[in-house]
Amino acid sequence: MATRKQTPVVAAVPVAAGDADLRLAEAEGVVDYDVNLQSLGQWQLAWKKFRRSRMALLGVAMLAGLVGMAIFVPLFPGMQFDFYAVPNPDVITYAGRPPSLQHIFGETGGLQRDVFQLVANGARLSLFVGFMAMFIAVFLGTIVGAFAGYFGGFADNVLMRIVDVFLSLPLLFVILVASRFFGNGNPLLIVIIFGLFSWMGVSRLVRSLFLSLREQDFVEAARAVGVSDKRIAFRHILPNALSPIIVVASLTVAGIIIAESFVSYLGFGISTLTPTWGNILSNALTFIPQGNWWWPFFPGLFIVLTVLSVNFIGDGLRDALDPRTRA
Amino acid sequence: MGTYILRRLLQAIPVLFGITIVVYGILLAAPGGPTARFANNPRVTAADREKFKKAWGLDQPIPIQYCRWMGFCNPNVDGYSLTMFVSDQGVPQFLPAGLGGGDNGVIHGDFGISIETGEPVSVRIQRAIVPTLILAGTALVLWLTLAIFIGVVAAVKRGGVFDNVSTVFSYVGYAIPTFWLGLMLIYFFAGPGLDIFPASGMTDTRKFPAFGTDAYWTKFLAQPVAALTDLGRHLVLPVVTLVVVNIAGDSRFVRASMLESLNQDYVRTARAKGLSQRVVTFRHALRNAMLPVVTNIGLEIPFLLTGAIVTETIFSWPGVGRLTITATNSFDYPTLMGLLLIAAVATVIANLIADVTYAVIDPRIKY
Amino acid sequence: MTEVTAPASPRAVAPGTPVASVPPAPDVLLELRGLRTEFRTMDGIVRAVDGVDYAVRVGKSLGVVGESGSGKSVTALTVMRLLESNATTTGEVWFGGRELLGMSGHDIEALRGSEMAMIFQEPLTSLNPVFTVGDQIAEQVRRHKKVSKKEAWGQAIEAIRLVGIPSPERRVKQYPHELSGGMRQRVMIAMALSCEPKLLIADEPTTALDVTIQAQILELLKEIQARTGSALLLITHDLGVVAEMVDEVVVMYGGQVVERGPVEEVLIRPSAPYTVGLIESIPSVEKRGGRLHAIKGVVANPFNLPPACRFEPRCPYAWELCRTEAPPLVQISDSQVARCHLHTPAGADRRPGLEMDRARLIASEPGPVAVRP
């Protein structure tokens, strides 16, 4: 971005009568405007644009709040989740008390756990699954896509057929089945499964990015100097492809969090030994006829807030990283 | 055009094979294997498990099981050998039964027997398809119509109140998990003491027999209005759930497409020709904006067959989605494979239709 | 002065509100008076057009010359009222005895395409890709004339024939992407002429075309003008085009008119330093071996215009007055005006510098400016 300051003309060339010199030629020492060009780097420019978007900032604030809740609340006394701690062993089918000062999100039915405690603890795992699985997916997808896009030809064909096969699977179906059969309630396995089934979209995007970027002149220049293919792909092209990848990554998190909540809700995901927002909800349905609305409401609310915040950030990133939008 | 379609179909076949192989592998390679359903049952002995496996052909190596399921291998021949490809009548197994081939397997139209209920898988699926079509079909039509309307209006009046409000709703709607919305709706409309809309099932079992049975259709013909009202009341909550969540993404897509179209030079030319704003928007801009939207719609069609898994579960809707869940819960491999195959075929065909439609409606595309 | 907000449909003045000024003489088809157009952007308000006056007579042609950012295209879009909603326009635009800026959207839509028509720079993106060219022409015909579909189609075929496209019956059923660039532009011209407009506005019609095709299109425009008697407003950055095509020329810089007059007079006796610079910049065979001349500096940034004379930073004749006082539009002769202090009494003793450069310029050129093919 250029900042222009107006300074007086340094030396005016006198226009004298009889001066046959071409005034139209360059005159020495004449400065029109003092142009102070401050070029911002690509990332600084993006950060500036990002800061401008109120929505994106709101998203960051919300996400920070959620992460803060996940990290800090369970550290407080009474807020740890203990699967085996049953507050009131005599009462089994009690529908649970509504939100009150003691239990700000109310109590669950059955075992009468504090819903806020559940939500805060659930945040840990749900957020963890969302982000970890996203990293796996993006990592895999980028490597596959970069390989296919850069080398093209046979490798590209084979890889893309594989991607097609995976994409033709009804994903929810397969995730459900895989989680049930392989995951066995284990959070780490579930994370891996989610990551394994989310990389395809990323790989397609990365592939098309690489396909277009490798035709650019800077690649040809690098090759002419003798830079190896691998180095070109990772050191030269990849940094240029980063922006759309980042955007897709942020939007993938939202998808994964919702998918995890589905799968856990159905009982196929993470076992109830450790709470996630999804598996908290799985027992809640039966208590609705007894009037307990807060048990399912709050975990779901937090899912909505998380997804919203991630989407806001993702959209903000997309606008900020788009070279066409002005700072 | 015909050659294009043919080529695409031929390309689809290996993809379909690949899909079936992948999922078959996942299903059967799962820890515990096919007898996992008995894992928690102490009365089932090891011997019982062996008998079970033998009866269902689960003692064979997985590739042979896959081969039999597809219909290329003779189920009466055990173990690896070349004769496994040959039918009892001595001809290649994959030929139609009429020619002496087998009558088992997908290519012969046999999806196997459900481990859970003992019925043929195809019967179970058939029974579940109609309810899914009713639910998913209604929801799809409704949300598409609304999404197009909302997207177009928001784009035309960009920055206005409608645009801002619908944008907020879109973001929120997109973030809501389907099942959570379903639960909340159930609480509000069918919660304790309330009966505004029913919370489960397709029909009021006190008044009507189960949907799909002959008894139901007899009663339906006898009292069509009452039956339709009953069905309608049961449809409301699940359809609303699906519509709210799905309309968000589609309406923003329509809006983006419409905005892009409105920014094009030819819109300015159309105005320069003296055409009214209405004609410019709806004839010139909209027509171009609909191109990517139509393709997108094509890709959503498989939803009609795979069903809304979670919504059907919450509302106990007897459709394909719920069938998927119960089959997964009971480790019913044959049913799951049948469902999967249908879903895969639907997806592949939907992709093909989407591409072909795009080629047809956009004159710039040469196939 | 009527103050209105573009675009066409909403207008701030009730129809029928009497306009303060007097309409121009009947032989003046289009007249702009004090036209100012501002855009509200994220970075502030930009005044793209700042006090522009010119006129086109019935059946005559006017060329508007300027660099990108001079406001020449925006002026034309303002006349047609095709600007976006973030634009504010003041001033008056008189067309055929009616004031356009105060007109209702309905009335403007009736005029557009029928009495005044416009062709744009990029024919590929300016034509709708999903309709055949025949469709698009026929649509305009049916909008303005009460004819049947078949008749409109027939007129479309005729229009395509008249712009010199062979086998029009076949072409009329084709889509824009199936035609070459030159043919697309001809189709645009055909579309514009389909309702016999009194004024044809051409916004850089040849910029996006091959050089050889450029000549053909310009020929076509001239021929059509001769045949139909319509007036032509030609916007271009190319002085060579202007020399061949128009009767009168307007030179714009930084949103203002810096010179205006009959084309021979402006080219032989350029009076604004900018015009002199433009002419000097035209390469020609005579200058072979010498250095190409370019006007030093960069085009004025509309967000950051010089305080007084907008051309001052780049002007070889500028002095202190040019930095403190904005130059007026001075009458050089009966028909020519130029915006420069050199032609006011204050600049009298500096004027010979300009005149000598001008003389040298003309002397080295054979006749009026060498025309580019």
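This is a predicted model: local features need pLDDT of at least 70, side-chain atom pairs count only at pLDDT 80 or more; totals for chains, interfaces and linings use all residues.
Residues are numbered from 1 along each chain as its sequence is written, while chains are lettered from A and ligands numbered from 1 in the order in which they are written.

## Exercise 1: Two chains in outline

Task: Find how many helices and strands chain A has, and how many chain B has.

Solution. Start with the terms: helices (H or I, at least four residues) and strands (E, at least two) are DSSP runs, numbered from the N terminus.
- Chain A has eleven helices and two strands. Read from the N terminus, its order is β-β-α-α-α-α-α-α-α-α-α-α-α.
- Chain B has 14 helices and zero strands. Its C-alpha trace spans about 80 × 60 × 45 Å along the principal axes.

Next comes burial. A residue is buried if 20 or more other C-beta atoms lie within 10 Å of its own, exposed if 12 or fewer, and partly exposed in between, with C-beta atoms placed from the backbone.
- In chain A, 40% of the 327 residues count as buried.
- In chain B, 40% of the 367 residues count as buried.

Last come contacts, where two residues are in contact if their C-beta atoms, placed from the backbone, lie within 7 Å.
- For chain A, residues 24 or more positions apart make up 70% of the contacts with a separation of 6 or more.
- For chain B, 64% of the contacts between residues at least 6 apart in sequence join residues at least 24 apart.

## Exercise 2: A helix pair

Task: Describe how H3(A) packs with helix H7 (residues 199-213) of chain A.

Solution. The two helices pack at an angle of about 35°, with their axes 7 Å apart. Here axes are lines fitted to C-alpha atoms, for helices over the stretch in contact, and angles run from 0 to 180 degrees between N-to-C directions.

H3(A) passes H7(A) in a right-handed crossing. A crossing is left-handed if the near helix is turned anticlockwise from the far one by less than a right angle, and right-handed if clockwise.

Among the residues that meet are Leu140(A) and Val144(A) from H3(A), and Leu205(A) and Phe210(A) from H7(A). By class, this contact of H3(A) with H7(A) has 15 nonpolar, six polar and two charged residues. Ala, Val, Leu, Ile, Met, Phe, Trp, Tyr, Cys and Pro count as nonpolar, Asp, Glu, Lys and Arg as charged, and the others, Gly among them, as polar.

## Exercise 3: Where chains touch

Task: Say which element gives the most to the side of chain A that touches chain B, and how many residues chain C brings to its contact with chain B.

Solution. Begin with chains A and B.
- The contact takes 35 residues from chain A and 36 residues from chain B.
- Elements giving two or more residues on the chain A side include helix H4 (153-168), helix H5 (171-183) and helix H9 (229-265) of chain A.
- H5(A) gives the most, with nine residues.
- The chain A side has 27 nonpolar, six polar and two charged residues.

Then take chains C and B.
- The contact takes 24 residues from chain C and 18 residues from chain B.
- Helix H2 (105-111), helix H3 (123-126) and helix H4 (133-144) of chain C each supply at least two residues of the chain C side.
- That side divides into eleven nonpolar, nine polar and four charged residues.
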